[in-house]
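These entries record what I looked up in one structure.

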Amino acid sequence: MRKDVRILLVGEPKVGKTSLIMSLVSEEFPDEVPPRAEEITIPADVTPERVPTHIVDYSEAEQSDEQLYQEISKANVICIVYAVNNKKSIEKVTSHWIPLINDRTDKDSRVPLILVGNKSDLVEHSSMETILPIMNQYSDIETCVECSAKNLKNISELFYYAQKAVLHPTGPLYCPEEREMKPSCIKALTRIFKVSDLDNDGILNDNELNFFQRTCFNMPLAPQALEDVKNVVRKNMTDGVKDNGLTLKGFLFLHTLFIQRGRHETTWTVLRRFGYDDDLELTQEYLFPLLKIPPDCTTELNHNAYLFLQSVFDKHDKDRDCALSPEELKDLFKVFPYMPWGPDVNNTVCTNEQGWITYQGYLSQWTLTTYLDVQRCLEYLGYLGYSIINEQESQAAAITVTRNKRIDLQKKQTQRSVFRCNVLGARGSGKSGFLQAFLGRNLVKQKRVRDEHKSYYGISTTYVYGQEKYLLLHEVLPDFEFLSEADLACDIVCLVYDISNPYSFEYCAKAYKKYFMDSKTPCMIIGAKSDLHEVRQHYSLSPLDFCRKHKLHPPQLFTCNTADAPSKDIYTKLTTMAMYPHMTQADLKNSTFWLRASVGATVFAVLGFAMYKALLKQR
């Protein structure tokens, strides 16, 4: 909401602009009225909306046209004052003041107007018959109020309406000519309905309505009040209430009713609680809360964030097959202004036989986004209403910023859950196959991937000593001369060569010597396409001798040309090396070290699957 409100009073001379201001401040009609009142500020604690309010007077006798134009451009709301006993001052509202103000304000952001009929104590009749057609003609006019500076009639109401016109404007919400809500308002309230519909059945049941009420207004509704609300909807429309819950149509009808009855603040309270600004756009502060990430630290989702994302998955997995069909995924992202995941996501994470993103793949993609682009992740969580549903100050509460990597190395342990492995190799060495094999796809399945849907990332879980970790593989383009800092920043490096191509290993050897020989980043050399005939590499040292010379783990043979899903052992080794970069090569060569790591992984994988099946039964 706005930090302050600036009200400007304009109108013909002698209509009582200055008297109105002075009567408000002193609560009595002044004996002597100056040509113009000084600008006054009413503190926040004495205004109904708790917002500081500046009231500015205009005097034709004391101010130039240029000063008037400046005040119009600074005003948040303009009160056009006329005298109810002066026909000429009423005519000037449309012949002079409204055209003047419209000329001086941007058409797309017109300032709200309030017509103020002063000196009602001098007449017995109302000016409303004359004023109503003017109000119908100009949509910028929020309301009209008749008052008397002398009798103090409707003075505080006038300034309350002026405040309200700024803080709870009708313009963005409602079209009076059509007598219906504007499309942008319907769109915002539809997202709010979907976020609040926690079980995604298209109805707000009593629990969901109470949660919504508590979230927006800090108090639940009494059972009778809930029934009264539903009865109002039932009386006015046939499909507003279903199975004793409020449908989207009923929810939108209620807000239309609030607006038509002048209760805009109710709808605005809801909109602002869910992150909307005066233009019905989600605010930058809501979508991108402040999150400090020191150098050499990474970003991960915390436990509460994963629980929230699981609940979002559950409410959209209608057929309970632990995967999201294209329709279910589309439904999940209806609260977004665009589709955030393209076809490449299906080749970045695990999918089922139909190519649909599995539960595991879904959480992996969220983990990837958090690691690579935490601002994007905050934005996405904002669209899903994370801070509202989880009752947190902002989405930043979902993020864990890991400690500096240097501290992990010093302490020889890490709390991190996501490890990045950059995969380098000459063109055609088998890097893409290595990424896809991690997602359980053999060569036959990989050939179905269309080039335009290819992904340079692959992410899934591995288990080290019984702990579930995410391994993020990134295929680095083989432009040897221009490897950026981002290409080099990772937890472990994979250097891939094709054992059947005699020129393939040279790239790995040169890349290692140029970029990684003196770094503390662990490296592993992979001999890909091991199902093919191995040829001698045209390099001064064989891959095995090269590894011995540089104290590297021996080359690991790998193929994705298998009947079933390719083996995942190599990925467990990579994760283990990333987790324990301080381990010496002697430790890593020790077979019992790997055995302990992978046995823990197997046991935990079996346990994990059993627990997941149990959870599914509960759902």
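Entry 1. I sorted the lining of the largest cavity by residue class and found 6 nonpolar, 2 polar and no charged residues. The model is a predicted one. I noted the lining residues as Val195, Ser196, Phe211, Phe212, Thr215, Phe274, Ile388 and Ile389. With a cut-off of 30 Å³ or more, I counted 1 cavity.

Entry 2. I then turned to the second largest pocket, whose volume is about 1400 Å³. Its lining has 45 residues, and Ser139, Glu142, Pro169, Thr170 and Gly171 lie nearest the centre. The elements giving two or more residues to this lining are α2 (65–74), α4 (128–137), β6 (141–146), α5 (155–167), β7 (174–175) and α9 (248–260). Of these, α5 gives the most, with 4 residues. By class I recorded 18 nonpolar, 13 polar and 14 charged residues.

Entry 3. Where does the second largest pocket lie relative to domain 1 and domain 2? I found that domain 1 (5–167) and domain 2 (177–281) both contribute residues to its lining, so the pocket lies between them.

Entry 4. Last, I consulted the UniProt record, an unreviewed entry, which annotates residues 304–339 as "domain: EF-hand". In the model, this stretch is 56% helix and 6% strand. The C-alpha atoms at its ends are 25 Å apart.

Key:
Residues are numbered from 1 along each chain as its sequence is written. This is a predicted model: local features need pLDDT of at least 70, side-chain atom pairs count only at pLDDT 80 or more; totals for chains, interfaces and linings use all residues. Side-chain values use heavy atoms; hydrogens and water are left out. On a 1 Å grid over the protein atoms alone, a cavity is a set of points where a 1.4 Å probe fits but cannot get out, and a pocket is an open set with protein on both sides within 12 Å along at least five of seven lines; lining residues have an atom within 4 Å of a point. Grid points are joined across faces, edges and corners, and a volume is the space filled by probe spheres set on the points. Ala, Val, Leu, Ile, Met, Phe, Trp, Tyr, Cys and Pro count as nonpolar, Asp, Glu, Lys and Arg as charged, and the others, Gly among them, as polar. Domain bounds come from an automatic or database domain assignment. UniProt positions are given in the numbering used here, feature names are shortened, and annotations may be inferred rather than shown by experiment.
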